[in-house]
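Trainee: Hi! I'd like to go through this model with you, a bit at a time. Please put it up on the screen.

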Amino acid sequence: MANDLGKVLSYDEMICNRIQENDKKLKDLVYSNYSKFIQVTETITKIRHSAESFDNDLTSISKSLSELTSRYKNIHANLSPLREELISLHEKQQQIEQQQEFLDLPDILRQTASESKWIEFANAYTSKIDGLKKNAHIKAFASILAEVEGAVARAEKALNNAISKEYDTPQKLGQCYGALARLHTNEAAVMEINCIAKMQKYCEVVVDNSFTKKESNVASFSSFISTAATAFVNAVQSCCEAYNTAFKEPFSLDSKSFDNFVGISISNFYSKANDIVSQASSLDKPELKVVEALRGISDATGKIKNLNQYGDYNKYIENTIENAARFGIKELCKKVGLKAGSVFDTISVDIDLCVSRGFVGFNGLAEKKQNQIDDIQKELKDRIDAIKQIGGVYETTIINSLKEYGSDILTIFLQKAESVCENKPFVCVAIAGWILSAKIPETIAIALRIDSLAQQYTDQYNQFPEKLIKKFTDLISEQMHSSFIELFAMNHPPLSPSLLVRSGSLKVSSLMIGASNILKVYFPDNTNPFDDNTPKRDSSKTFYFDSDESKDDLIELERTSIIEAIVVKTMKQLRNHIPLYTAPPPDGLTLKEFQQYHVDLMVFSNTINEIVKIKSSKIENYIKQINLRLESCCSEGAITATNEVSLIKEAMLKINN
């Protein structure tokens with residue numbers, strides 16, 4: 001119990017101490033903030049006094065406003081009649097001004113018409129004509145209306161005459177068509193289309209004049225194209241501004257047609273620029289000239305981009321440099337093929353010279369052929385390597401373009417070959433043999449660093465000699481056929497008695513000898529296909545072609561088979577043209593003509609056997625048919641022909657030598 005009491009007394013003492021401490025802290029707090037309490041009290045007192053003064057001021061202002069309102073009502077009441085009178089005077093002034101405008105309209109129309117400001121003319125007329133017509137009941141206005149209508153009629157006639165021209169400047173076109181569209185608003189869309197068409201013609205003329213054929217000594221390709229771009233951009237800008245003036249207001253027309261016109265004009269410019277690239281590719285050092293032209297196109301593109309202020313034409317401008325580079329490489333590839341193909345002109349001249357000399361001189365072309373092949377292969381490699389060095393464009397663009405257009409080299413090369421072979425059978429043989437030996441597709445593929453050209457191009461090349469030899473055998477057999485027909489007609493004038501072989505016989509034999517001689521150079525026989533002791537030709541590596549329309553005679557592309565084709569084709573054509581004469585026919589042939597007929601057949605047989613020296617079962621079969629026919633004649637003509645064979649052989653040997 002004593003312990004509990006002690007605890008209570010101790011706790012009471014602690015509480016008393018804390019109360020004294022808190023009381024002391026409170027006194028300290030009051031003393032420390034006394035000055036602040038005083039300041040707050042004074043501030044509240046001042047605010048109360050200010051509020052009372054403000055209430056007095058508001059009362060005074062309210063009284064003043066009441067007085068001002070009263071005075072305003074008095075003034076408003078006094079000025080109301082004057083205001084109404086002023087409004088009436090203003091309306092009358094507007095009427096007078098409008099009537100004055102009606103009076104001035106004829107002068108305005110005359111002035112604008114004299115200055116060819118046709119849109120101002122049309123605007124002045126359309127803005128006043130309705131009001132003028134409303135006042136037409138007044139005599140003075142009626143006369144003005146008549147004068148105005150006359151001025152408009154004359155203006156329309158002048159405008160129609162102006163737009164009848166093939167093309168004109170954009171400013172004039174915009175003024176004329178814009179005025180007509182305002183005078184006939186229901187035809188505004190038609191006027192817009194017609195105006196755009198004339199503007200397009202104007203731009204075409206500007207571009208054509210700008211790209212007049214460039215002389216190489218006038219300026220560089222770069223500055224030439226850049227200058228042309230300046231003229232073009234100025235022309236299109238003039239069209240844009242004239243179009244906006246004419247049709248942007250007050251019409252609500254879709255500008256799609258005009259935007260298409262601008263796009264077409266831009267495309268036309270780049271097309272003309274590509275023509276310059278093509279021209280550059282035909283000059284000396286063509287790769288450098290093409291790069292020069294590409295720089296001009298790049299500069300031109302920067303100028304053409306300024307047209308975007310009139311519309312979004314980026315789709316016509318983007319990738320123009322890359323596209324021009326691709327086109328340039330395509331043109332360079334074509335020129336490479338054309339330049340390489342010029343060798344065929346040389347071959348044609350050489351062969352024509354040999355033919356004109358009587359089918360002699362072919363042997364000298366063998367070494368020349370190999371030199372030509374070596375030169376062309378080197379030129380192709382050098383030119384393709386030069387194209388790879390074109391600067392100013394991405395290397396991938398060059399490589400991809402070469403892969404895409406490299407085959408054009410071969411196509412143009414073969415087209416050139418074909419062009420010089422027209423109706424020249426011996427040129428066909430020479431070029432066929434040249435192409436068969438040259439292996440141009442492999443050369444191009446190596447230069448392009450690809451495995452091979454596309455199959456269609458290699459097939460085209462491999463089949464080309466076959467095509468030319470087919471043409472050769474067709475032409476030669478046709479010439480021989482025609483010569484035989486002439487011989488059998490027996491209508492040649494008599495020749496010198498010392499010349500037993502007529503000109504026709506000489507022609508037939510000479511053709512056979514010439515064919516044999518040129519084939520020895522360009523299609524020599526490696527083996528004799530009719531000799532059982534010689535190795536057989538690998539048929540899997542042999543080219544074949546059809547020697548007859550019946551599709552039943554396939555021959556190898558080598559000398560023996562080609563001459564066999566000539567003989568076979570000739571004899572097939574003569575199948576129904578060799579008559580069997582056992583005595584002079586009753587239609588008037590002399591004995592000498594009768595004998596000569598058999599001589600002609602014998603000459604053909606001996607030319608093949610003794611001069612050309614070709615063993616062929618088909619040819620031997622035809623010769624046997626001729627000999628059997630001769631033997632069956634049993635006539636003086638046949639006997640005479642046999643006796644004269646030795647003389648004919650001697651003549652043919654002289655021809656061959």
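Predicted model: local features only at pLDDT ≥ 70, side-chain atom pairs only at ≥ 80, totals over all residues.

Trainee: Is F426 buried or exposed?
Mentor: F426 is buried, with a relative accessible area of 5%. Buried means under 20% relative accessible area, exposed means over 50%, and partly exposed is in between, using a 1.4 Å probe and protein chains only.

Trainee: Where do Y243 and F247 sit along helix α7?
Mentor: They are 4 residues apart in helix α7 (residues 221-248), so about one helical turn separates them. A helix here is a DSSP run of H or I with at least four residues, numbered from the N terminus. Y243 is buried at 5% relative accessible area, and F247 is buried too, at 2%.

Trainee: Let's have another pair, please.
Mentor: F359 and F426 also form a tilted pair, with 5.0 Å between centres and 50 degrees between the planes. F359 is buried, with a relative accessible area of 13%.

Trainee: Which residues form one aromatic cluster?
Mentor: Those are F211, F224, F232, F269 and Y270.

Trainee: Switching topic: how many cavities of 30 Å³ or more are there?
Mentor: There are 2. On a 1 Å grid over the protein atoms alone, a cavity is a set of points where a 1.4 Å probe fits but cannot get out, and lining residues have an atom within 4 Å of a point. Grid points are joined across faces, edges and corners, and the volume is the space filled by probe spheres set on the points. The largest cavity holds about 40 Å³.

Trainee: What lines the largest cavity?
Mentor: Its lining is I347, D350, L365, K368, K369, Q372 and Y522. Helix α13 gives the most, with 4 residues, and both α12 (343-356) and α13 (365-388) supply at least two. By class, the lining has 3 nonpolar, 1 polar and 3 charged residues. For those classes, Ala, Val, Leu, Ile, Met, Phe, Trp, Tyr, Cys and Pro count as nonpolar, Asp, Glu, Lys and Arg as charged, and the others, Gly among them, as polar.

Trainee: Tell me more about Q372.
Mentor: Q372 is in helix α13 and is buried, with a relative accessible area of 11%. Leaving aside neighbours within four places in sequence, Q372 is in contact (heavy atoms within 4.5 Å) with V343, T346, I347, D350 and W434.

Trainee: What about the backbone? Which residues does a cis peptide bond join?
Mentor: E249 and P250, with omega at about 5 degrees. P250 is in the loop between α7 and α8 (256-280).

Trainee: And where is K285?
Mentor: K285 is in the loop between α8 and α9 (286-304). Its phi is near 50 degrees, a positive value in a residue other than glycine, and K285 is exposed at 61% relative accessible area. R449 is not a glycine either and has a positive phi of about 60 degrees. You'll find R449 in the loop between α16 (440-448) and α17 (455-489), exposed at 72%.

Trainee: Last one: how far apart are the end C-alpha atoms of helix α4?
Mentor: They are 37 Å apart. The expected span is 1.5 Å times one less than the number of residues, so the 25 residues of α4 (residues 139-163) should span 36 Å, which agrees. Buried residues in α4 include F141, L145, V148 and V152.

How values were computed: Residues numbered from 1 in each chain as written. Heavy atoms only, no water. 1 Å grid on protein atoms, 1.4 Å probe; cavity = no way out; pocket = protein on both sides within 12 Å on 5 of 7 lines; lining within 4 Å. Phe/Tyr/Trp six-rings, centres within 6.5 Å; stacked < 30°, edge-to-face > 60°.
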